[in-house]
Structures are given as C-alpha cells and as structure tokens.
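New page, new structure. I'm jotting down what I look up as I go.

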Amino acid sequence: MSRISRAELERIARLARLRLDDAEAEDARQRLDAILDYVAQLDLVDTTGVPATAHVIPLATPTREDVPGVLLAPELAVANAPAARGSAFTVPRVLDDEAQG
Amino acid sequence: MSQASEAETASELAAQLAAGSLRARALVERSFARLDALDPQLHAFLFTRRAAALSEADESDARRARGQARSALDGLPIALKDNIVQAGEPASCASRILAGYVSPFDATVVERLRGAGLVIVGRTNLDEFAMGSSTENSCAGPTRNPWDLERSPGGSSGGSAAAVAAGIVPAALGSDTGGSIRQPAALCGVVGMKPTYGRVSRYGLVAFASSLDQIGPLAHTAADCALLLETIAGHDPKDSTSLPEPAPSLSQALSGEVSGLTLGLLREADDPSGVAPGVRVRVHGAVAELERAGAKLRDVSLPHVRHAIAAYYLIATAEASSNLARYDGVRYGHRAADAPGGITALYERTRGEGFGAEVKRRILLGTYVLSAGYYDAYYKKAQQVRTLLRRDFEAAFAGCDAIVLPTTPETAFRLGEKLSDPLALYLSDVFTVSANLAGLPGVSVPCGLDAGLPVGLQILGRPLEDATVLRIADAYQRRSAHHRARPPR
C-alpha cells in the first residue's frame, strides 16, 4: 500500500515551490514511499512524555548593542542577482500573481 | 601501496617552513603540480585559484623572512569544500542553482585560515548541498577514490578527502551533517574530525541542516587536525549557535597517553551481520592496540542507535526544506527564463531546473514531514527519539571516556553501486549520524587496509571533549603507521 498518492505528492511539490515533470514526480513518489516505510519504525518507540530536542545546545537569542557597523554594500548585495535595476532586485509582477494562478 | 615521501603531514611541512628548508612558494607549486597530474582522473576540485594562491605563498615567504609568520601553519596550502564561501570566489555547492555565484563575503573559518597565513588553493567537489554520502550527487560529476578510481571517495566531503589522500593538499576543510567528514575520511584513508556542535562558526557555511551542520578538518594525522581546529574554532558573534566558551588548546592535550582512559566498545556497531568482516577485524586490531597502550575497555550499548537513521533523515530533510527555500531565482543563482504565471511560477521553474534529483527528494520529504497533519507523527517524533539517543549517550559516557566503533560498515563502494537505491546509501551512514544528532565530537582515523581499501576507526567523545578524541586518535597514530600508507600511483 502506498503512503503517498500522486495528488499528495503534487500538493507537497506546490508547497515546496518545485516544478516536477511526470517522470520525476512518479520517481519521487515511489522513493518517498520507501523512505516513509523505513521511518515508520519510529512508531514502535515509546516517546510518551519525552521532550523534543530541536537543538543540542541551550539556545537563547543573544542580544548586542545596536551600533552601526560595516554592512554588505548595496552594489555587492545585488551583484549576483539574475535581474537587478540599480540596487534593487527585479521580479515579475507580484500583485496579480494570485489572479493568474 | 607506496611510502610516498612527498606527501608529508601538515605538521612536518610546518616544521620545514619554520626551519627555512622549504618555502611556501615551492609547497604551493607542488600542490598545483600534483593537482595537474592527478585531478583529471580524480575530479576532486571544482575551482582552483592558482595565481592568487601563488601570490599569497610569496607573501607568506616574505612574512617568514621578516620573522613575522602569522602562525605555525603560515604558508600551508589548504582546500575548501565548495559550500564554504570565500569573498570573490565561486561557491556552487555542486548545484546548478548556484552556477555563476560569486561570494561577496568570507566565511568566518576562511577569515581565520587567512588570518593564520594558510593559502587556499581551491574548492572541492561534494554531493549537491552536501546531501549524499558518495560525491555522486554533484552536478559536475563524481569524484573518484584515489585508492581505486572505480570507487567512490565517500561523501559528501569526498573532494576534500580525495585531495588530501592523493597528496594534492596536506589539509582541507569539510562539513559534517551526518558523517560527511568522517565517512569520506575513512574511505580515503585520512583523518577527519567533526568537532562538537557549536565549536566552529557556521557563518559562511551554506546551510543544509542547521542543528546538525559543523565544519571540520581533514588531514593525515590527528595532530594536524588539532592544529587546524585550533585555527578555526572559537566563538563568533555572527553565529548565534557558536559556543561562548573559549576554544581550548588541543595540541597541548596530545600527550600520546591513553592510560587512565576507558574506551566503550559499542555493541550495536560490533555485529557481524552489520559490519564487513575486514572492517571488524581492523577496528578490533586498533582497539587492541589502544588497550596495549594502557586504555581500559568495556562494552557499551546505545539502545536507540538503531533508530538514528530514521530520526536523522526526518530532522535533516525538514531543516533542509526550510534552508533551501532561499533559492528562488531572485537574489542570486539560477533563474528560469521569463514565462507566464507570475512569481510563483518563476520560483517553481527556477527550483525545478536548478536542483538535482536527490535535493528535490529531500526538500519534498522535509516539506511533507513539516506539513499540517504530519508534523507530530514525523518531525516531533524524530526530535523525541533524538532526546532518547542523547540520553543513551549520557548513560554510556557515565562509564567511559570515549566510544569506539567503525566509521563505516564497509570499505569504499563502487561508483554507481548505490545510486539506484538512496535508502541503501542512507543506511551506510548508520555509524556516523548519531554524533550529529547528539552534537558530539567524533574523529575517524585510518586503521588499516582491507583488500587494498582503507578502513576507519571512529572515536566519539562527550560534548566539548574534542581534545579527548584527538588525544586518543593521536595516541593510536603514534603506535601505528596506517596513516603513512598512500594510494598506489
């Protein structure tokens, strides 16, 4: 029995902003199925009352004085941009995006 | 196998530089001569910086002549894995999506290496975004193992391990998220060290799984790794997960002594059904040598280690799916040609074209396990198992100072052998991922050849006890010559 349907795979791909062709999507679905079969072993581990470890060292957000420093120059910040105008990144229209699907 | 004299250790080369019997210029020229001779077959390097490196070598020689060497390693050539950025240099992570990218800044480790006078000669191949254990998931093609060109060097730091093993550079940096320094070090017959999580700044390391990633050195000896780790370690205000503790002096801890230390032989990693006989025999031989040197032995068990791979792949892919969201075709890297559909379509096409198959699979798995309805069943469950594994380690370390086990269950596999079954390749990380989940320091040391292929002994320590694992590795190397073996050539 498969754990992930093709429709489910396509839903995940949309969430991940990944365009997949048919062959890629089917290959990914089968391999994800195999991996999810494998990780199902964790269901056998009793984790009642066990806290989750997100990070191995105690993490607190460090604070520092808000002092001006040397930052990335705007021309360097856009130097790798596929499309830029002056010191700005350019993208296709955003506001009509929802309407266009 | 030959006892090549030209591939000396970093410490030996540093002594020659200090004595004035060797110049940095000659050393860097030697690196490029070996690279020119060997890399067409090995493909360990993605980028080189020959002119800059030679000029920096001259500057190093000038400093030495003035008596102003910046460190013991001033003038030593080193290679960087291509996911550690250097200002003005490319950083492709072996991905099409970063083709043409040039970093505007230095990673903290690069600043520290250059501050100590080391000469960066080039950037080494890896699995795309460090996702893999064979260096075959590289958009530029695989790296080959110097011991057998038909075999994988391991991965993902396979280029760094192959470059050191082949004597192109005496040292390299890699990154280790689930074994990506230790496993290729083992398969290529060099020493590879994953420091305690937080010991080395991740600033400028392209993120894969932020709670697991750690930069570390590869070289021929534990003593070399200690020198390199001293150079790059320490708190960095640019990485809020870097440890506030001052980096310890590691070299001074290398006493050559292991008497008084107790080594835990991991029962789960000593199962004849899970470890190749040739690997098991050599690891037992190395442990026996440490026992003769005065270490006490005892059996230890980590009951949850059998679930480590499952927990690791859920946590690592979840973090990766979030980290790789930044590749959107807007700020840097590949961008799909304009087409209808607005910005969402641009993202989808850019990422569909730019990422390789394994990276896409991991992003999909990570997105799935973080998505509504699955979070508790997969991601949270994996984090709870991570806690249980940490507790296993705490219990084991109550009775021993370090845990010894094979780095890998088998020696280098053939290129292509595991490509068709990613799960089989994931399972080969069984002995390495636990140290990342628990944040522990771990080192892999050459402990012999099986049918002409290197075997690695892995030593894991308590958090922050980087010095202890290096001390044990160094003590072993003082009593063995396996790290002197060189690939046939």
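How are helix 1 of chain A and helix 2 of chain A oriented to each other? I looked this up before anything else. In this predicted model, the axes of helix 1 (residues 6-15) and helix 2 (residues 22-39) of chain A come within 10 Å and cross at roughly 105°. Axes here are lines fitted to C-alpha atoms, over the stretch in contact for helices, with angles from 0 to 180 degrees between N-to-C directions. Helix 1 and helix 2 of chain A are therefore roughly perpendicular (65 to 115 degrees; under 35 is roughly parallel, over 145 roughly antiparallel, the rest oblique).

Next I checked who touches whom. Helix 1 of chain A brings A:Arg6, A:Leu9, A:Glu10 and A:Ala13, and helix 2 of chain A brings A:Ala25, A:Ala28 and A:Arg29. Contact means C-beta atoms, placed from the backbone, within 7 Å. By class I get four nonpolar, no polar and three charged residues. Nonpolar covers Ala, Val, Leu, Ile, Met, Phe, Trp, Tyr, Cys and Pro; charged covers Asp, Glu, Lys and Arg; the others, Gly among them, are polar.

Local features need pLDDT of at least 70, side-chain atom pairs 80 or more, and totals for chains, interfaces and linings use all residues.

Chain A as a whole: I find four helices and two strands, in the order α-α-α-β-β-α. Its radius of gyration (over C-alpha atoms) is 22 Å, well over the 13 Å that the globule rule (2.2 Å times the number of residues to the power 0.38) gives for 101 residues, so chain A is more spread out than a compact globule. Helices (H or I, at least four residues) and strands (E, at least two) are DSSP runs, numbered from the N terminus. Of the 101 residues, 16% count as buried.

Then I turned to chain B. B:Asp328 sits in the loop between helix 9 (308-323) and helix 10 (342-354). Is B:Asp328 buried or exposed? It counts as buried, because it has 20 C-beta neighbours inside 10 Å; the cut-offs are 20 or more for buried, 12 or fewer for exposed, partly exposed in between, with C-beta atoms placed from the backbone. Beyond four places in sequence, B:Asp328 contacts B:Tyr347 and B:Thr350.

Last, confidence: the complex gets an ipTM of 0.93 and a pTM of 0.96 from the predictor.

Terms used
Residues are numbered from 1 along each chain as its sequence is written. Chains are lettered from A and ligands numbered from 1 in the order in which they are written. Two residues are in contact if their C-beta atoms, placed from the backbone, lie within 7 Å.
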